[in-house]
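User: I would like to learn how to read a strand and a ligand site in a structure model. Could you take me through it step by step?

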Amino acid sequence: MPFSPADTVRRDVVPCSGGQHGDRSPREGRSITAGDDMGRPRTFAQLNLPDAPGEELEAELRPRTLAEFVGQLRVVENLRIAVKAAALRGEPLDHVLFSGLPGLGKTTLGGLLAHESGARLHATSGPALSRPADLAGLLTGLERGDLLFIDEIHRLPVAVEEYLYGAMEDFVIDVPIEQGLGARSVRLPLQPFTLVGATTREGRLTGAFRGRFGIREKLEPYPVLELVRIVARTAAILRTGLDPDACELVAVRSRGTPRVANRILRRLRDLAQVRARDSIDVEIANEGLFRLGIDEFGLEETDRRILGLLHRADGGALGVKTIAAGIGETEETIEEVYEPHLLRLELLRKTSRGRELTSQGRRWCLDHAEPESKAREAG
Ligand code: ADP
């Protein structure tokens with residue numbers, strides 16, 4: 001479903017610069033300013049902001065307060081302290097950078113920071129800000145204490161990133177007023193604001209940019225017990241009955257990622273519904289996971305194809321480009337979505353020559369190989 005701000009938000013939520021939504025993917029195009037009629041902030045959940053096609057429900061599932069946010073205790077505690085200290089000093093919160101794999105809660109925390117600090121929330125993404133002018137329009141519209149959330153901040157063009165430096169450090173921007181030989185610019189003061197960046201690739205940010213964030217927090221994959229709480233919470237929001245054993249099964253197979261857990265649960269809910277079951281039990285969960293091609297380690301079809309490709313390389317290493325071409329995914333997707341889980345399971349390792357199977361990975365491939373290739377391996 002294409003993202004249309006008019007469909008989902010009230011008149012007080014207006015698009016930021018970054019412009020037309022129709023020609024971009026929902027994630028790239030989302031660029032909104034939030035605040036209700038009283039000027040109070042809204043969270044992403046209240047905005048009902050969809051993240052990607054087919055994920056409209058995601059916004060509804062987002063925790064609305066920090067207390068509802070499950071896990072990441074160290075990060076949450078650090079944020080509470082920072083928000084409280086800034087409030088005591090009467091200053092805007094320092095700039096914040098969230099890093100971590102997709103679906104771990106970076107966007108959610110961005111919204112919650114605005115909520116906790118009583119700040120108005122403006123959200124956009126790196127790809128939506130293609131020129132410094134896009135950013136200038138956005139920055140000059142900010143009021144004191146506002147929170148500007150930039151998703152996929154590693155995808156900001158260098159010129160835009162450098163333009164942000166002065167805004168972050170001294171709350172000023174230089175706006176060009178004449179082009180060509182007599183080019184001139186005027187320096188405009190900005191209201192003190194908080195930039196919250198989210199990135200899946202912290203390593204792609206320059207040291208100069210990273211250094212300008214006073215608060216940097218990395219989100220880690222969730223342990224099963226926390227995912228159990230997240231899945232149970234989602235089931236309650238969706239008003240779906242869920243047996244404890246089925247809940248644990250979903251948690252175990254969710255690759256440590258709340259977004260994956262929620263996606264699996266929604267598909268199991270579909271299955272329970274068409275089977276006319278009152279709740280999701282272990283039988284429905286097992287059937288649903290089988291239908292989704294998700295195995296006991298949380299591996300999906302693409303993971304298996306990656307392992308198969310490496311196995312056919314006869315113990316040799318393959319570059320990520322070769323793997324991407326071999327299975328028809330982008331390098332970025334391999335590196336952000338699939339590889340981290342395979343690394344965590346120690347089925348794959350990174351070497352200077354590329355990616356290769358570990359001995360566990362080879363064993364996994366042998367155990368899951370077709371009978372004829374097993375025979376070939378055996379000699
Ligand atoms: P990211 O921005 O890191 O890709 P999101 O913040 O969009 O991840 O989170 C994806 C989904 O996972 C959200 O809809 C939210 O419902 C859920 N989620 C993430 N972290 C948590 C958490 N700690 N507790 C409960 N739900 C969470």
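This is a predicted model: local features need pLDDT of at least 70, side-chain atom pairs count only at pLDDT 80 or more; totals for chains, interfaces and linings use all residues.

User: How many helices and strands are in the chain?

Analyst: The chain has 18 helices and twelve strands. Of its 379 residues, 42% count as buried. For contacts between residues at least 6 apart in sequence, 65% join residues at least 24 apart.

User: Which way do the side chains of β4 point?

Analyst: The general idea is that side chains in a regular strand alternate between the two faces of the sheet. In this case Leu147, Phe149 and Asp151 point one way, while Leu148 and Ile150 point the other way. The residues on both sides are buried, Asp151 included.

User: Which strands pair with β4, and are they parallel or antiparallel?

Analyst: Pairing is read from the bridges between strands. Strand β3 (residues 121-125) runs parallel to β4 and is joined to it by five bridges. Within that pair, His122 has Leu148 as its bridge partner. Strand β7 (residues 194-199) also pairs with β4 in the parallel sense, over four bridges. There, Thr194 of β7 stands opposite Leu147.

User: Where is Ala119, and is it buried or exposed?

Analyst: Ala119 sits in the loop between α6 and β3. It has 26 C-beta neighbours inside 10 Å, so it counts as buried. The C-alpha atom of Ala119 is 6.0 Å from that of Gly145, although these residues are 26 apart along the chain.

User: Which residues surround the ligand?

Analyst: Start with the shell, then ask which elements supply it. Here 21 residues surround the ligand, and the closest are Gly105, Lys106, Thr107, Thr108 and Pro258. By class, the shell holds nine nonpolar, seven polar and five charged residues. Helices α4 (57-61), α6 (106-117) and α12 (258-274) each supply at least two of the shell residues.

User: Which domains does the shell draw on?

Analyst: Domain 1 (1-18 + 222-297) and domain 2 (72-218) each contribute at least three residues to the shell.

How values were computed:
Residues are numbered from 1 along each chain as its sequence is written. A residue is buried if 20 or more other C-beta atoms lie within 10 Å of its own, exposed if 12 or fewer, and partly exposed in between; C-beta atoms are placed from the backbone. Two strands pair if DSSP finds at least two bridges between them. A residue is near a molecule or strand if its C-beta atom, placed from the backbone, lies within 6 Å of it. Ala, Val, Leu, Ile, Met, Phe, Trp, Tyr, Cys and Pro count as nonpolar, Asp, Glu, Lys and Arg as charged, and the others, Gly among them, as polar. Domain bounds come from an automatic or database domain assignment. Two residues are in contact if their C-beta atoms, placed from the backbone, lie within 7 Å.
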